[in-house]
Amino acid sequence: MRDGFPDYVDVDYTDGEGESPATYPDIEAKIQKGIEVVKQGLSEYENPAVMWTGGKDSTLTLYLVREVARELGYDMPPAVFIDHFQHFDDLLDFVDHWAAVWDLDVIYARNENIGDIVAERDLEPGDEISVSELSEHNQHHVREILEYEDDTFPFLLDTYVGNHLLKTVALNDALEAHDIDGVISGVRWDEQEARAEETFFSPRHDPDIYPPHDRIQPILQFDEADVWEAFWNFVVPETVSAFPEDGYVPQAFDDLPEGVTREDIPVSPKYFEGFRSLGSQVSTEKSDQEPAWLQDLEGTTERAGRAQDKEDLMERLRDLGYM
């Protein structure tokens with residue numbers, strides 16, 4: 001990490017305390033706040049990066065960063081994509097496609113030790129991995145950080161050990177390798193209880209847990225419906241030349257405006273198929289048959305189809321450096 005961090009950064013770590021999406025009365029106010037946070041993030045940090053999962057929240061965040069960087073003449077920060085080896089194939093295709101369209105520098109954060117074991121043994125999700133097979137680095141995390149005592153663990157993303165090794169360790173190793181001091185992420189207050197107390201600039205400075213850095217969180221103030229409103233009224237019309245300038249909400253893939261194809265839309269096809277949250281291929285289910293933005297967003301839970309949330313692990317994982 002750079003000498004002097006975080007002393008060279010001048011941000012208000014209390015910005016957003018006591019607030020909620022209701023603090024911001026309309027979509028314009030929420031977008032304006034997001035732009036302000038991104039501007040400060042790009043000006044204060046020497047080597048920021050954008051967390052990008054290919055999901056709606058991180059893609060909206062990525063879009064805001066691209067627009068502000070272009071407007072103010074900043075270099076576009078790299079995007080960090082955590083490849084946990086259990087993604088939907090079409091999500092990977094979506095990321096590759098838009099990385100090329102938007103000319104992004106993508107850092108693929110992977111736990112290569114786990115990846116090598118999976119490839120060498122041709123493992124499937126759920127197969128057991130022996131702790132003794134792991135590198136010294138990964139064994140340290142399993143035994144000393146997680147205090148996990150079993151001899152094996154399943155190759156599954158949505159478990160305590162699996163999530164930590166495949167996501168958190170991969171992310172923290174990438175932050176260290178690329179000397180990243182500010183992580184611009186798309187978390188939201190309303191997503192999970194574990195994120196409800198986050199602020200727009202959140203310190204992660206304990207070197208015993210993660211490479212010291214700050215989290216920069218420009219869409220905390222959005223709820224799920226706000227994200228889709230921003231996409232169909234701002235992001236897509238400004239990205240796709242053939243899309244109506246005043247916005248349009250498609251009812252299905254075959255309801256796109258004339259001259260617009262699904263490849264033109266910076267929205268993962270999984271959302272058109274009925275998914276509302278994108279986790280791993282083996283543990284995420286559709287919420288409904290309708291596209292995500294047409295579902296009952298207020299009366300149902302956004303992340304109910306993800307096994308990890310059912311295990312109530314988020315608070316512990318976030319303490320270890322997960323998003």
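**Rings, charges and cover**

Author: F275 is buried, since its relative accessible area is 6% and buried means under 20%. Keep in mind that this is a predicted model.

Reader: Which ring pairs with F275, and how are the two planes set?

Author: Two aromatic rings pair if their centres lie within 6.5 Å, and planes over 60 degrees apart count as edge-to-face. A search of the whole structure finds 15 aromatic pairs. In one of them, F88 and F275 sit 5.3 Å centre to centre with 65° between the planes, so the pair is edge-to-face. This pair links distant parts of the chain, 187 residues apart: F88 is in the loop between β2 (79-82) and α3 (89-101), and F275 is in the loop between α8 (269-272) and α9 (307-310). F88 is buried too, with a relative accessible area of 7%.

Reader: What kind of pair do W98 and W102 form?

Author: Their ring centres are 5.0 Å apart and their planes stand at 55°, so the pair is tilted. W98 counts as buried at 4% relative accessibility, and W102 counts as buried at 8%.

Reader: Which rings are linked into a cluster?

Author: Ring pairs join W228, F231, W232, F243, Y248, F253, Y271, F272 and W293.

Reader: Now the charges. How many salt bridges does the structure hold?

Author: For a salt bridge, look for a side-chain nitrogen of Lys or Arg within 4 Å of a carboxyl oxygen of Asp or Glu. The structure holds 14 of them. In the one between K30 and D226, the closest N and O atoms are 2.5 Å apart. K30 lies in helix α1 and D226 in helix α7 (residues 224-239), so this bridge ties together parts that are 196 residues apart in sequence.

Reader: Are K30 and D226 buried or exposed?

Author: Both K30 and D226 are buried. Compare R188 and D190, whose closest N and O atoms are 2.9 Å apart in a salt bridge. R188 is buried, with a relative accessible area of 0%, whereas D190 counts as partly exposed at 35%. Salt bridges that share partners join K56, D57, R188, D190 and E302 into one network.

Reader: Where do negative charges gather on the surface?

Author: A patch of negative charge is made up of E128, E144, E147, E149, D150 and D151. E149 lies in the loop between α5 (136-145) and β5 (152-154). Its relative accessible area is 71%, and exposed means over 50%, so E149 is exposed.

Conventions:
Residues numbered from 1 in each chain as written. Predicted model: local features only at pLDDT ≥ 70, side-chain atom pairs only at ≥ 80, totals over all residues. Heavy atoms only, no water. Patch = residues over 30% accessible without salt bridge, like charges linked within 9 Å, V, L, I, M, F, W, Y side chains within 5 Å. Areas by Shrake-Rupley, 256 points an atom, 1.4 Å probe, with all protein chains shown as cover. Lys, Arg positive; Asp, Glu negative; His and termini not counted. Charge placed at Lys NZ, Arg CZ, Asp CG, Glu CD. Helix = DSSP H or I, 4+ residues; strand = E, 2+ residues; numbered from the N terminus. Buried < 20%, exposed > 50% of the residue type's maximum accessible area, 1.4 Å probe, protein only. Phe/Tyr/Trp six-rings, centres within 6.5 Å; stacked < 30°, edge-to-face > 60°.
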